[in-house]
Amino acid sequence: MIPDLAIRYDFGKVWDFLFSPIILEALWVTLQISVLAMVLGIILGVVLAVMRVSKNPFASTLAGIYVWFWRGTPVILQLLLFFFGLRGLIDEDIFRDNWTRFRASVIIFALNEAAYMAEIARAGILSVETGQMDAAKSLGMTNLQAMRRIILPQALRVMVPPTGNEFIAILKNTSVLFVIGIVELTNAARIQAASSLRVMELYTVAAFWYLVVVTVFSIGQAELERILAAGERDQPETLFSRVIGVMGGRRE
Amino acid sequence: MPRLFRTVLTLCIVALAAAFVFAACNDDDDGGDDNGGGVSGVPELEDGVLNVGSDIAYAPFEFYEEGTTTPDGLDIDLAEAIAAQLGVEIEFLNIGFDGIIPSLDVGDFDVLISAMTITDERSEVIDFVPYITVGTGIVVPAGNPDGITGVADLCGKTVAVQIGTIQVDILEAQNASCAEEINIVIFDTNPVAVEDVRTGGSDANFSDFPVAAEDAALSDGTLEVVDTQIDPEPYGLGVRKTSSELKTALADALQAIIDNGIYAGILADWGLEAVALQ
């Protein structure tokens with residue numbers, strides 16, 4: 001049976017909500033948490049990857065256990081455990097005042113992301129030929145020096161596309177932060193939808209903003225890949241390089 | 001060896017797929033058969049089943065019995081009594097509170113019973129049959145450190161509430177007359193909002209009075225409920241505006257269980273005689 005719908009899609013409402021301050025504020029929250037968590041996640045992830053490929057059994061085991069835990073449990077559980085759990089466990093005002101929703105969100109997402117970034121960075125490191133390490137060492141570099149100056153810069157190029165994936169995933173996954181009371185884009189739309197009953201219109205608005213962010217980000221990522229491929233024979237074409245090429249009269 | 005492995009893998013996948021298909025078929029069967037008594041003249045009840053939607057995380061109105069997946073609560077008991085009065089089976093669908101009205105609208109189920117206060121905005125979209133009268137309650141940490149006695153005292157405080165509830169509206173309305181605004185923190189479900197108060201994230205939780213009282217009672221003395229009920233309003237059974245026969249049937253069945261005393265008995269079972277329809 002298909003009932004006559006009482007709630008009908010009204011495209012005009014999409015415009016009303018598209019630039020509503022509540023939605024834009026929520027978009028800003030989404031961006032802040034995603035970018036901060038990603039930056040912290042990349043740094044910690046690279047450190048973990050270096051630990052994991054190192055010959056020191058203590059370091060590699062520690063990194064392995066870290067990845068095992070943070071990758072092996074859902075982020076929603078991690079949020080509940082480390083936000084409410086810690087607040088319940090540590091009944092001190094100084095802790096509760098500082099362990100805010102926003103900080104907890106950034107830190108827990110960063111810790112979670114680090115586990116995935118560790119695997120991406122490890123794949124990047126393993127993609128660099130072993131001869132590179134031997135060559136660096138023959139020049140008198142220590143393991144860490146060789147890692148920093150020779151291996152990681154080359155690994156970076158392999159890491160960019162999967163890291164881009166991770167950022168897009170974080171951007172969208174921030175909606176689970178609703179469990180600890182953070183209102184980001186998806187849930188701002190849900191809350192507005194619940195009070196106005198303009199459900200599909202608000203979800204359209206949220207989808208629009210996600211796509212705007214992802215589009216801008218993808219253009220940036222393509223540029224970054226082009227820059228990192230500077231020494232390669234077949235440089236990838238990007239939107240900008242094509243525009244510049246056409247304007248400069250270059251023949252395609 | 002690789003061949004054997006491939007054969008085994010293929011068999012496993014086929015078996016798994018078959019299991020899913022058969023499980024799906026069984027589901028269909030459960031819904032359809034062994035329900036002899038349909039209700040003629042009411043299209044939604046012709047298959048002999050009353051399909052009910054509810055956000056089952058709001059004790060004592062609707063919740064799962066501890067350690068089970070059996071819904072229980074005042075709303076659940078009333079819905080079951082109404083279904084029995086109509087002579088039909090009942091099936092519950094658990095759905096998030098903010099999704100209930102849209103879900104009813106598209107026909108996922110036919111009646112909503114989910115501790116829903118009748119409001120003008122909601123009445124524009126669906127029809128209601130009033131069944132109990134309930135006000136809002138405030139949950140605060142034990143000892144009531146901020147000395148909260150009513151909505152006006154919440155100005156400048158952080159208050160945890162559930163998405164889509166009338167409590168969000170009450171707080172937003174109050175904000176208009178606050179010198180310092182209420183920081184309204186919205187959660188998916190009410191139990192998480194209560195947990196936020198318990199762990200010091202918010203100063204108070206705002207929910208329907210019986211829910212607030214239950215949460216305080218179950219908190220091992222860490223929470224208490226402020227002893228005033230705010231704005232008692234009727235709750236409604238919600239139906240689509242096109243379900244006029246169903247609405248009449250539900251109203252008649254409700255009146256019948258009020259008349260024969262079953263209604264009063266259920267309220268008494270939950271210690272909630274005070275919420276009887278006024």
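A cavity, as used here, is a set of grid points where a 1.4 Å probe fits but cannot get out, and its lining residues have an atom within 4 Å of such a point. Domain bounds come from an automatic or database domain assignment. The model is predicted.

**Cavities**

Where does the largest cavity lie? Domain 1 (43-133 + 233-275) and domain 2 (135-231) of chain B both give residues to its lining, so the largest cavity lies between them. The structure holds two cavities of 30 Å³ or more. The table sets them side by side.

| Cavity | Volume | Nonpolar lining residues | Polar lining residues | Charged lining residues |
|---|---|---|---|---|
| Largest | about 80 Å³ | five | five | four |

The largest cavity is lined by 14 residues. Closest to its centre are Tyr58(B), Phe97(B), Ser114(B), Ala115(B) and Thr165(B).

The lining of the second largest cavity consists of Leu50(B), Val52(B), Ala79(B), Ile82(B), Val111(B), Ile113(B), Leu237(B) and Leu250(B). Strand S1 and helix H2 (74-86) of chain B each supply at least two residues of that lining.

**Nonpolar cores**

Which residues touch the most other members of the largest nonpolar core? They are Leu79(A), Phe109(A), Ile125(A), Met159(A), Leu177(A), Ile180(A) and Phe187(B), out of 55 residues in that core. Both chains take part. Elements that each supply at least two residues include helix H2 (21-53), helix H3 (57-72) and helix H8 (143-173) of chain A, together with strand S8 (183-187) and helix H6 (190-198) of chain B. H6(A) gives the largest share, 12 residues.

Ile180(A) shows a contact between the chains. Beyond its neighbours within four places in sequence, Ile180(A) is in contact with Phe187(B), and in chain A with Leu79(A), Phe83(A), Phe84(A), Arg101(A) and Ser105(A).

Another core, of 37 residues, lies apart from the largest one. Its members include Leu50(B), Ala249(B), Leu250(B) and Leu267(B). Leu50(B) and Leu250(B) also line the second largest cavity.

**A loop residue**

Ala57(B) sits in the loop between strand S1 (49-54) and strand S2 (63-64) of chain B. Is Ala57(B) buried, partly exposed or exposed? Ala57(B) has 23% relative accessibility, so it counts as partly exposed.

Note on methods: Residues are numbered from 1 along each chain as its sequence is written. Chains are lettered from A and ligands numbered from 1 in the order in which they are written. This is a predicted model: local features need pLDDT of at least 70, side-chain atom pairs count only at pLDDT 80 or more; totals for chains, interfaces and linings use all residues. Side-chain values use heavy atoms; hydrogens and water are left out. A nonpolar core is a set of buried Ala, Val, Leu, Ile, Met, Phe, Trp, Tyr and Cys residues joined through side-chain atoms within 4.5 Å. Buried means under 20% relative accessible area, exposed over 50%, partly exposed in between (1.4 Å probe, protein chains only). Helices (H or I, at least four residues) and strands (E, at least two) are DSSP runs, numbered from the N terminus. Contact means heavy atoms within 4.5 Å. On a 1 Å grid over the protein atoms alone, a cavity is a set of points where a 1.4 Å probe fits but cannot get out, and a pocket is an open set with protein on both sides within 12 Å along at least five of seven lines; lining residues have an atom within 4 Å of a point. Grid points are joined across faces, edges and corners, and a volume is the space filled by probe spheres set on the points. Ala, Val, Leu, Ile, Met, Phe, Trp, Tyr, Cys and Pro count as nonpolar, Asp, Glu, Lys and Arg as charged, and the others, Gly among them, as polar.
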